[in-house]
Structure formats: C-alpha cells, structure tokens
Amino acid sequence: MALCRNTFCVLKFPRRQLMPAKVCHRFSTIPESSLVKQPSDILKSESVDKKAKFLTRADLHKADRIVVKLGSAVLTRSDQGGIALGRLASIVEQVAELHSQGKEVMIVSSGAVAFGKRRLGRELMMSQSVRDTIRHGNGMSKNNHCNVDSKSCAAVGQSGLVSLYESMFAQYSISTAQVLVSKRDLDRENRMYLQSTLDNLLSLSIVPIINTNDAVTPPPDPEIDVDGAIAIRDNDSLAARLAVQTHTDLLVLMSDVDGLFTAPPGTENSKLLHTFSTQDSTDKIEFGKKSSVGTGGMDSKLQAAVWSLQHGTSVVICNGFSRGLALLDIVEGRKTGTFFTEAKDSNTDASSQAHDAKEGSRKLQQLEAAERKDILLKLAELLEEHEDEIMSANHMDVSSAKKSRNLSQPLMDRLVMSPARLRELANGVRQVAEKSASTVGKVLCKRKLAKDLYAEQISVPIGVLLIIFESRPDCLPQIASLAIATGNGVVLKGGKESMHTNRCLFELVQQALSLHNASESAQLVESRDKVSDLIQDAAGSIDLIIPRGSSEMVRGIQEMAAGTSVPVLGHSEGICHVYVDRECSVDMATRVVQDAKCNYPAACNALETLLIHKDLIHTSIFKQINDVLQAEGVKVHLGPKIASRLLFSPADPANLKKEYSGLECSVEIVDGVEEAVRHIHEHGSSHTDTIVTTNEEKANYFLKNVDSACVFHNASTRFADGQRLGLGAEVGVSTTRIHARGPVGAEGLLTYKWIVRGDGHIVRDFAADGTLHFDHIDLPVEDN
C-alpha cells in the first residue's frame with residue numbers, strides 16, 4: 001500500500017460530524033470502511049479494563065503507543081528568538097527511529113507562540129519605519145513600542161511550526177498531520193471523534209502533531225478536575241488527557257530539567273528522583289519558578305504524570321535539552337529522567353537504603369563477637385523453624401516460573417529449594433557463627449616503631465556490600481550470615497523469579513538482627529531501577545559490588561560500574577576443566593568426572609571441558625568415562641583435535657570457551673600435562689581446574705602452573721565452594737587477582753586499618769638531627 005508523503009491536515013471536530021473520512025480521502029485505493037473506526041467502537045472500547053502499567057523501566061520497551069509532549073522551554077531557543085532547530089531535529093530523529101520499530105507516536109507540541117513571535121518580530125522591525133512614514137509623515141512613531149499579544153503570535157506561528165515538523169519528518173519518509181483541539185473536543189460527548197481520528201491517523205503510519213488552538217483559546221481559568229478527568233490547563237494536562245483517552249502505553253513529558261527534583265534544581269540539597277511512586281508524598285517536593293516561556297511548570301507535570309499513571313499510562317519526565325538520545329534511552333529502559341510507577345518498594349529511595357545499611361553496619365561493628373554469634377545462631381534456628389513457610393514461598397516461585405516458561409533449565413534448577421538444602425544452609429550459618437563472628441577487630445600485625453610508639457594493623461569491615469544474585473534464593477541467608485559475622489552492611493538484590501522465597505528469607509534475617517537492634521544493616525531491593533541507581537550513585541554509599549549469576553549478568557554489572565570508583569568482585573564465566581592424565585586410576589577418573597559434571601550442572605564450578613591424554617582415546621578409561629556421561633544424559637561436544645581422530649565427527653567443532661551450565665560439556669585431547677596447562681590458559685576463565693593422575697610430579701607441575709583461583713589434584717571441581725572449603729558460606733567466587741580470589745568467605749569481606757599509639761610523638765623528632773630513632777620491631781600477636 002503506497003501512502004502519499006507529508007500529509008498535512010488541520011482537523012476540527014464539530015459536535016455531530018465524524019471527520020476521519022476527510023483525513024483519508026486522499027488515499028482513494030483504501031476502502032474507507034476498512035480504515036475508519038466508528039464512534040460506537042470507541043464508546044465500546046472505553047468500557048474495557050485499562051492496560052496494566054509498567055512497574056519497572058525494563059518493561060518500557062514493550063510500549064507500542066507513545067505520546068511525546070514537547071514543552072515551550074524545550075522547543076524555544078535560550079534567547080527566545082525562535083525555535084531551537086538542532087534540538088527539535090534530534091527529537092524528530094528519535095521519533096523516526098521509534099516509528100521504524102513499529103511504534104505509534106503522537107507529539108503534543110508547544111512552540112507556535114515562539115515561532116510566531118520571531119516571525120512577527122522580524123517583520124515588524126523591517127516594516128515599522130515604512131508604516132510610520134506613511135502614517136505620520138515625519139518617520140517618527142507616536143508609539144515606538146508595538147505590543148504583540150501571544151494569540152497573534154500563535155496564529156502566525158502555527159502553520160510555520162507544523163511546516164517545520166513536516167519538512168523534518170519528510171527526511172525519514174514519514175507523514176505528519178496537524179490536529180488542533182479545544183476543551184470541547186475532550187468532553188465526554190465529543191472525545192470519541194478525536195480518538196477516532198487519532199486512531200486512524202496512527203493506523204496510516206502518520207505522526208499526529210497535536211496542540212490547542214492558542215490563537216483563539218481563552219486563557220486558562222481556575223477550572224477544577226471534573227468527571228474523574230484532569231482539567232486542561234496547559235499542554236501537560238492536554239498530553240495526559242490524550243494519552244489516557246487513546247489508551248497510550250507511555251507518556252514522555254520533555255522539559256528543560258532532568259526530571260523531578262526534591263527542590264528546585266541547583267539549590268542546596270536538591271536531589272533528582274529517578275523513580276517516583278504514586279505512594280510517595282508530594283509534600284517533600286518544593287517547586288521553583290516556571291520557565292519564562294510556556295504556561296506549565298514542574299507542578300503541572302507532576303499532576304499530569306500522577307493522573308496519567310492512575311489511569312493506565314506509564315510516565316517519564318525527562319530533559320529535552322539532553323545531547324544524548326533521551327527518548328530512545330527511556331524506551332530502552334535506561335535510567336533517564338524520572339520514571340513514575342506504582343511499584344510498592346519505590347517509596348524508599350535506593351540511596352536511603354544504602355545509607356541505612358551503613359548506619360546498621362556501624363551498630364554491628366560495635367557489638368561484641370558473642371552478640372554477633374547470637375544473631376547468627378538465631379538465624380540458623382529460624383531457618384529450621386520456618387521450613388514449611390519457606391518451602392511454600394519457594395513453591396509459589398517455582399510454579400510461577402514453570403507457568404511463564406521464561407526460565408532456562410539451569411536457572412530453574414537453582415531456583416528450587418529442598419528441606420535438605422535448607423538444613424544444609426542452617427548448618428552453614430552455624431559454621432559461620434563458630435568460625436567467623438570474631439574476625440572483626442582482630443589484630444593482624446603489631447609493631448614497635450620507637451620508644452612508647454606502637455602500631456597495630458586490625459581487621460575491619462569493608463562497609464556496605466551490594467550483592468546481586470540470580471535465581472538462587474539460598475544465596476540470601478549465606479550472604480547475610482557472612483555480612484553479619486564481619487560487621488558489613490548489605491543490600492541484597494535477588495532475581496524476580498525468586499521474589500517470594502527471598503522475601504520470606506529476608507524477614508527471618510531481619511528477625512535475627514533485631515535481637516541486638518541491628519535490622520537496618522540488611523536491606524532488600526526488588527527492582528532493577530534501584531540497582532541501577534545504587535551502582536551509578538554508588539560513591540559514598542556502596543563499598544563493594546558482588547554479582548552472582550550468569551556471565552551475561554556479571555558482565556552487565558561490571559560494565560554498569562565501570563564509570564564509578566566502586567570495585568566489582570566476581571567472575572564472568574565458570575569454564576572449569578578436568579584433565580585426565582595417562583597415569584590415572586580408572587575408577588577415580590570416572591568418579592571425579594561424573595561428580596564434576598553431573599552433581600549440579602548449573603553451578604559455576606561444574607565441569608565444562610574434559611581434557612584427556614591422547615593415548616587414552618582408544619582405551620577402556622575413555623570408554624568408561626564416555627559410558628558414564630551417556631548414562632547421565634550428558635551431551636558431548638567434540639573439540640577439533642579429537643574430532644580429527646574419529647572416522648565420523650561433527651562438521652562444526654565445539655566452542656571450547658563455552659559455559660554450558662547444564663548437562664553438556666566439551667571433550668578434547670592433549671599431548672600431556674604441559675599442553676593441558678596451555679589449553680586451560682587459552683580457553684579457561686581462571687575459575688577452577690583439576691588434574692586426575694597418580695604421578696605426583698605431573699600433579700605438582702599442574703598445581704604450580706595453572707593460574708586459576710582454585711587448582712585441585714584428584715578432586716572434583718565442585719569443591720570450589722565456601723562451605724566445602726570450611727568457610728561456612730560464600731558470597732561468591734572471585735576470579736580477580738586483587739583483594740580476594742576463589743570462594744569468598746568472611747576474610748574476603750574484611751579490610752584493615754592502622755592504629756598508632758604514642759605519647760606526643762612528632763615526625764620532626766625522627767629527622768637526621770632529631771632526638772629519636774625508629775626501632776621497627778615486630779611484636780608477637782596474641783590470640784584474639
């Protein structure tokens with residue numbers, strides 16, 4: 001179907017006449033009946049339930065119909081000398097990109113007054129002297145100042161503004177149509193005509209440019225909202241009414257500020273609210289002056305946004321001055337502007353939660369080791385006492401995940417809890433209580449610097465930890481127990497698929513902490529927006545970020561934190577190897593390989609690549625290992641070297657850098673232990689690697705030269721776990737080389753500080769001509 005370009009329609013709506021047919025008359029090849037929605041259809045659609053709002057930014061990409069409101073401050077140059085062409089061109093380009101994605105976009109545009117003011121001003125300057133000469137004969141005006149009212153400016157500027165839109169959108173082969181509306185067109189008895197017209201324009205892939213007819217519209221009056229609808233006072237309220245009445249998914253209100261602030265931007269203690277919930281009070285928000293152009297202000301935008309959200313349309317207020325792609329960023333779920341939501345946990349600001357966690361961590365540090373131990377033992381007790389409640393919550397999560405079918409099998413495996421796993425968790429918490437509760441304040445080094453001058457290095461908490469984990473709710477009590485033991489505050493973000501289990505477990509953590517009034521030290525967040533807020537504003541509130549989950553998730557968090565000063569502790573992938581040497585026990589090799597791959601295939605410490613000495617390929621050892629893997633249902637992918645040795649082999653060799661996280665693995669042959677080490681360095685992820693051999697010399701070579709966080713001899717890779725290594729629990733496995741490596745337990749969550757005790761000592765006394773000298777004698781550290 002070929003459409004005429006650059007359709008320009010000025011539409012007005014009489015009370016009793018349906019006008020969409022006039023919009024479509026130029027498209028003679030299209031049957032009018034197939035395009036035009038009848039008013040009766042509109043009335044019927046009004047009785048249908050409203051669409052669900054998007055609760056998080058991550059859902060905004062699902063928006064199919066979008067209204068973009070461009071305020072006068074956005075469209076007008078800073079000198080008020082006309083339209084900001086570059087700014088408008090950028091917005092048009094973004095709308096065109098959304099249009100190309102199949103989204104329906106309407107623009108509610110101000111700017112006619114500014115456009116007309118510039119045109120009239122120029123004309124008046126050029127012709128004033130001529131008119132004065134004709135009228136007065138002496139070239140001097142009796143009234144040198146010509147006062148041009150805004151209605152005249154609007155009358156002159158409307159056609160020019162729409163022509164500008166038309167020419168800009170024409171660059172992208174997109175048609176536009178001007179739609180002028182009045183308050184009467186939005187009345188209950190008339191709005192169906194307006195909605196019908198807009199629906200049909202959108203069905204023709206035309207972008208409506210909507211505005212009130214400012215040339216004849218009377219000034220706004222103190223009208224109150226009636227019939228449950230917001231009164232039309234400015235283009236903000238107009239955009240809100242249009243968005244709701246046309247069942248729009250997303251309303252974007254573009255302004256000259258970054259979003260909604262707690263106080264006028266630039267003032268002391270003013271803070272941008274990245275997320276605003278309808279449950280939040282507006283009493284804490286202080287509004288500043290309106291812009292020098294336009295009729296609306298931030299208070300008007302807030303009212304329009306809240307009303308739209310309450311009636312089914314999601315809203316974002318953003319800065320139209322941004323040099324970036326604000327509109328596209330919003331639709332793609334990036335943190336731009338203020339996102340309005342009805343999510344329950346949005347009424348607590350993320351940075352406030354981090355601040356509370358820091359205050360709570362100070363309370364934990366002040367507790368005696370025995371008191372922190374009491375909290376941990378109480379938590380272990382609660383985990384066992386509330387088994388039925390926890391399993392019921394987990395059942396809800398598992399059932400929901402199965403119904404949605406959005407979870408991969410490895411993540412589904414991680415989601416499922418069991419009574420046995422719960423008892424294992426409780427025992428792990430007790431282990432942490434016994435071994436780690438006294439690690440805070442431990443003297444690590446003691447040194448005499450000089451006479452009556454001593455230094456001590458003591459262990460202290462890192463501060464506040466942001467722990468992000470996918471699917472596995474069992475992570476929550478493990479992480480919380482280590483944070484409690486080490487006096488750290490912790491902000492926990494679990495996957496939405498384990499929401500009910502996480503909430504249940506977190507309540508138990510809070511109960512245990514309340515034993516010594518330290519509940520604030522642990523915080524739970526449930527939205528991605530809050531994680532983004534915490535990471536981007538992490539300096540001063542978050543001291544360490546630890547992601548646990550898929551390689552994609554970990555990399556995403558690392559990239560998000562790249563622009564901050566906060567370190568990320570984690571591993572991007574778990575590509576673990578088992579090398580079976582020529583000198584090995586058949587039974588041992590079979591048991592180790594089976595356990596490493598099949599005990600828990602979704603774990604990051606599970607076997608992903610099996611390396612076998614080339615001389616074993618035609619022996620009973622290889623056959624027995626292969627038989628075991630087949631019996632367990634493991635799909636084997638052959639590497640290029642082993643594939644070349646077989647008569648029938650797959651056309652595409654295995655990806656030797658892949659983490660399968662399921663019942664799959666790669667198999668490759670090597671010439672010996674030296675090549676096995678080289679293969680691991682080239683294809684591995686520095687996580688965990690094992691050699692199975694009876695030759696001690698080869699084993700020692702492997703243990704010394706493999707540069708991974710965990711290197712084992714004759715043991716399954718599954719031992720790379722905090723609890724199995726005697727740490728009680730772990731917050732994750734680190735493959736970085738700074739601070740902590742491998743399974744990170746309590747010691748990995750501590751740093752240190754220096755304490756110096758003197759007697760009025762000053763550095764000048766230790767100069768070359770001073771009276772004192774350094775001793776630097778290390779002293780024995782007592783058990784503490």
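1. The count of disulfides comes to zero, a disulfide being a pair of cysteine sulfur atoms within 2.5 Å. The model is a predicted one, in which local features need pLDDT of at least 70, side-chain atom pairs count only at pLDDT 80 or more, and totals for chains, interfaces and linings use all residues. Residues are numbered from 1 along each chain as its sequence is written, and side-chain values use heavy atoms, with hydrogens and water left out.

2. Two cysteines illustrate the point. The sulfur of cysteine 576 has its closest cysteine sulfur in cysteine 604, at 6.8 Å, which is too far for a bond. For cysteine 665 the closest cysteine sulfur belongs to cysteine 598, at 8.1 Å, again too far for a bond. Cysteine 576 is buried, at 0% relative accessible area, and cysteine 665 is buried at 0% as well (buried means under 20%, exposed over 50%, partly exposed in between, with a 1.4 Å probe and protein chains only).

3. Four strands form an open sheet in the order 26-13-12-27, with antiparallel pairing. Strands are DSSP runs of E of at least two residues, numbered from the N terminus, and two of them pair if DSSP finds at least two bridges between them. Strand 26 (750–757) and strand 27 (777–779) stand at the edges with a single partner strand each, so one side of each has no neighbour in the sheet.

4. Strand 12 (residues 443–450) is joined to strand 27 by three bridges. Arginine 447 stands opposite aspartate 778 of strand 27.

5. Tyrosine 752 lies in strand 26 and counts as partly exposed, at 46% relative accessibility.
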